Amino acid sequence: MSSIHPFSFAGDNILTEFIRDKKMSKSLPPPGTSDIFPEEAASWRFIEESAIKIFSLYGYGELRTPVFEYTEVFERGIGGDTEVVQKEMYTFEDRGGRSLTLRPEGTAGVMRALLNTDVMNGNEKRVFYMGPMFRGERPAAGRKRQFHQVGVENVGHVAPELDAESILMLMHFLEESGIRNSKLQINTRGTAEDRKPAEEKLREHFSKSETALCEDCKARLSRNVWRILDCKQPQCQEFINSAPDATTFFSPETRGYFDKVCNALSAGGADFEVSPRLVRGLDYYVHTVFEVSHPGLGAQNAIAGGGRYEIFLPENKKPVIGVGFAAGIERLLMARESLDAGLPEKGPGCVFLAALGEKARDFNMALASKLRHAGIPVIAEVDIKSLKAQMRAADRVAASFALICGDNELEKNLIVCKNMKTGEQTEMESTSIGEFLKSIGRWHE
Ligand code: HAM
């Protein structure tokens, strides 16, 4: 288990969290989490459906893994030196004494699941996933404690063309999601062998200014010097900017691999920038890493990130290899909002059944069931109310039609159909109402 208390987060301690929580209304969701109401859910579904559509075009199938795993899966999978494992995991002991952790990201759990398939024999598997992830970070705009990712993993096979295809698929997905103006940065992290000489050069460089570095970077100097390149503290920027380009110390093979990725990306029409300081915050990456940012977000402007990886899991000496990425849904929605991107046109709103009297209400209950089985969305009034109040209710639910029925209409097998947009009313036989409504069409979209 992580040596730091699982519920003390980056810069916070349990006491400050406790005091802050005391002041919070318990009718609000806990800090860093949100309720997603139906009005917003349509945009969420749009992103999720865009993901399913595009990832399927590249041969990916959905994999659903548990939201919690044995803690070791993340400690070993992501790397004990990362901020995520050191400071951000929601770790708890279950009643059986197991140490479990809410997944802070999807990749390690997906690899754990795929260990039991033939990917370890070099057979390629393409999977995508979506759902909530949990990181105990300090909440801010675009930084949540429960956030949601859509992600993909191409597992079991190594080829620079696959790295490029993964990146091109990400850009295709962003395009489908209506997200323009994003910026793609890529880099190579090399292999473990490549990193040794580069690491020495970096340590040499940062040691010269050790006293001027932030406290975290001072510790990183001996523990994991690469993390310094990722530091956002103003006092460290000058030294990060003057750091040597680590990739120049990598082997010709590694640089050749990266050139192939860049060439395949250019051939695929991607617009990208090579950024030698891009290291990413998770320790499993080898070779290609990439990140996409968007100008419509504030400080937390990474909307997606990924790369090629080698992931070691508990009880396994051989790593699982693959390439993939994840995008944060909350941040994709923020990017869409900054672009004022609309949703595809929806089908007509629901049909509202208004009843004048108890008999009509009973009739409406049966009619509602018939219409719903015919694929037409219906809301039926169940209280006895004035027609005016019922029309107000129909407006509130944005109904496209109201069907009005009273004793008179019942006797004659008629129903009044009111077009809520134009106000036009037509009387028609109640048996033909289903056909009429279906002829208006497109209720499911
Ligand atoms: P990551 O960069 O840690 O990578 O997260 C991917 C994306 O999740 C980020 O670019 C961001 O959009 C979103 N995200 C991360 N943390 C938060 C947060 N606290 N609040 C809101 N959104 C957040 C991974 O998770 C890797 N597993 C990606 C990957 C897949 N690499 C290879 N395969």
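**View 1. The open sheet of three strands in the predicted model.** An open sheet of 3 strands has the order β2-β4-β3, and its pairing is antiparallel; two strands count as paired if DSSP finds at least two bridges between them. Because β2 (68-70) and β3 (91-93) stand at the edges, each with a single partner strand, one side of each is left without a neighbour in the sheet. Neighbouring strands of this sheet are turned by 35 degrees against each other on average, with direction ignored. Strands are DSSP runs of E with at least two residues, while helices are runs of H or I with at least four residues, and both are numbered from the N terminus. This is a predicted model, in which local features need pLDDT of at least 70 and side-chain atom pairs count only at pLDDT 80 or more, whereas totals for chains, interfaces and linings use all residues. Residues are numbered from 1 along each chain as its sequence is written.

**View 2. Strands β3 and β4 with helix α3.** Over 3 bridges, β3 pairs with strand β4 (residues 99-102) in the antiparallel sense, and F92 has L100 in β4 as its bridge partner. Helix α3 (residues 71-78) packs on the sheet and touches β2, β3 and β4, and its direction makes about 80 degrees with that of β2. Contact here means that the C-beta atoms of two residues, placed from the backbone, lie within 7 Å. Axes are lines fitted to C-alpha atoms, for helices over the stretch in contact, and angles run from 0 to 180 degrees between N-to-C directions.

**View 3. Strand β6 and its partners.** Strand β5 (residues 125-134) is joined to β6 by 10 bridges, and the two run antiparallel; F134 stands opposite Q146 in β6. A further pairing, also antiparallel, joins β6 to β11 through 7 bridges, and here G328 in β11 is the bridge partner of Q149. Strand β6 is mostly covered, since 9 of its 10 residues are buried, a term that requires 20 or more other C-beta atoms, placed from the backbone, within 10 Å of the residue's own.

**View 4. The shell around the ligand.** Of the 28 residues around the ligand, E105, F147, G305, G324 and G328 come nearest, where a residue is near if its C-beta atom, placed from the backbone, lies within 6 Å of the molecule. Two or more residues of the shell come from each of β6 (146-155), β10 (302-311), β11 (320-328) and α11 (329-338), and β10 gives the most, with 7 residues.

Key:
A residue is buried if 20 or more other C-beta atoms lie within 10 Å of its own, exposed if 12 or fewer, and partly exposed in between; C-beta atoms are placed from the backbone.
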